[in-house]
Amino acid sequence: MQDPLEVEVTASMFLAVGAAVGDGFDRAVRDLFVPTFETQATPEARAMLAGIAAVSDGEVSRAATEAARRLAGAGVGAPPWLAELDVPVTMSECRRFVDAAGGTFLLAGRFQRADRSHVVVVLVDELDCGAARDILLIDGDEWGGAREALLSDLRAGGVDVTEGEAPAGGLPRSRGGGAGRPRRPRPGHRGAGRTR
């Protein structure tokens, strides 16, 4: 893993797939997976524990945080970017793309942490109550070119596109009332207090 976002995405995918298994998955993560990662005692395992702690809640987050601290205390190294997990993520730009009828079909938000920037692009499916059809992650440095290419392709295909600012406090819901709003971070949560 090369950066904090990569470990957070990996941990999120792991937890999301497991959550589909059922209610006992949290217990399995806490009692089986966290100890297994800790036993590996590698910088990668320490990073994964920190990622799990950052994106989970309750007992799972506490168990992963404690395991990562024990590895740090035992002298297990950490990737150079691990400390960035403690830096708050901020949203610096929020864009909304609408069609001629005023329906939101694409939302984009630029997020920054430390000296890294990424853009999350959500393609909205108006026919499915505004559900997210696709979610793309774009490096912040590549967003300008990707945005221009997207707008050019849409307009060349006859789509009347209007781009505007969306409130940074939360992306607007689509007309269908679906899930066009990202989950807000828990107050005071900055990554479950990892130690290096």
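Visitor: What makes up the secondary structure of the protein, and which pattern does the protein follow along the sequence?

Guide: In this predicted model the secondary structure comes to 5 helices and 5 strands, and reading along the sequence gives the pattern α-α-α-α-β-β-β-β-α-β. Of the 196 residues, 39% count as buried, and residues 24 or more positions apart account for 55% of the contacts with a separation of 6 or more.

Visitor: How do you know that the span of helix α1 agrees with its number of residues?

Guide: Helix α1 covers residues 4–19, and at 1.5 Å a residue its 16 residues should span 22 Å; the C-alpha atoms at its ends are 22 Å apart, so the two values agree. At the start of α1, a side-chain oxygen of aspartate 3 comes within 3.0 Å of the backbone nitrogen of leucine 5.

Visitor: Which residues of α1 are buried, and why can they be said to line one face of the helix?

Guide: The buried residues of α1 are Pro4, Val7, Glu8, Ala11, Leu15 and Gly18. Seen down the axis of α1, these buried residues fall within an arc of 100°, and therefore they line one face of the helix. On the other side of α1, Met13, Ala16 and Val17 are exposed, while the cover over the buried residues includes α2 (25–40), α3 (43–55), β2 (104–113) and β3 (116–125).

Visitor: What makes the pair of phenylalanine 14 and phenylalanine 33 edge-to-face?

Guide: A search of the whole structure finds 3 aromatic pairs. In the pair of phenylalanine 14 and phenylalanine 33, the rings are 5.0 Å centre to centre with 80° between the planes; since pairing requires centres within 6.5 Å, and edge-to-face requires planes over 60 degrees apart, the pair meets both cut-offs. This pair links distant parts of the chain, with phenylalanine 14 in helix α1 and phenylalanine 33 in helix α2, 19 residues apart.

Visitor: Why is the pair of phenylalanine 25 and phenylalanine 33 called tilted?

Guide: The ring centres of phenylalanine 25 and phenylalanine 33 are 6.0 Å apart and their planes lie at 50°, so the pair is tilted, because planes under 30 degrees apart count as stacked and those over 60 as edge-to-face, with the rest tilted. Phe14, Phe25 and Phe33 form one aromatic cluster.

Visitor: Why is arginine 110 called buried, and what is in contact with arginine 110?

Guide: Arginine 110, which lies in strand β2, has a relative accessible area of 18% and is therefore buried, since buried means under 20%. Leaving aside neighbours within four places in sequence, arginine 110 is in contact with Thr90, Met91, Ser92, Glu93, Ser117, His118, Val119, Gly140 and Trp143. A polar atom of the arginine 110 side chain lies 3.2 Å from the backbone oxygen of glycine 140.

Visitor: How do you know that the span of helix α4 agrees with its number of residues?

Guide: The 16 residues of helix α4 (residues 58–73) should span 22 Å at 1.5 Å a residue, and the C-alpha atoms at its ends are 23 Å apart, which agrees. Its buried residues include Val60, Ala64 and Leu71, and what covers the buried residues of α4 includes α2 and α3.

Definitions and conventions. Residues are numbered from 1 along each chain as its sequence is written. This is a predicted model: local features need pLDDT of at least 70, side-chain atom pairs count only at pLDDT 80 or more; totals for chains, interfaces and linings use all residues. Side-chain values use heavy atoms; hydrogens and water are left out. Helices (H or I, at least four residues) and strands (E, at least two) are DSSP runs, numbered from the N terminus. The expected span of a helix is 1.5 Å times one less than its number of residues. Buried means under 20% relative accessible area, exposed over 50%, partly exposed in between (1.4 Å probe, protein chains only). The arc is that of the directions from the helix axis to the C-beta atoms. Contact means heavy atoms within 4.5 Å. A polar contact is a pair of N or O atoms within 3.5 Å; within protein, one must be able to donate a hydrogen and the other to accept it, and residues adjacent in sequence count only if both atoms are side-chain atoms.
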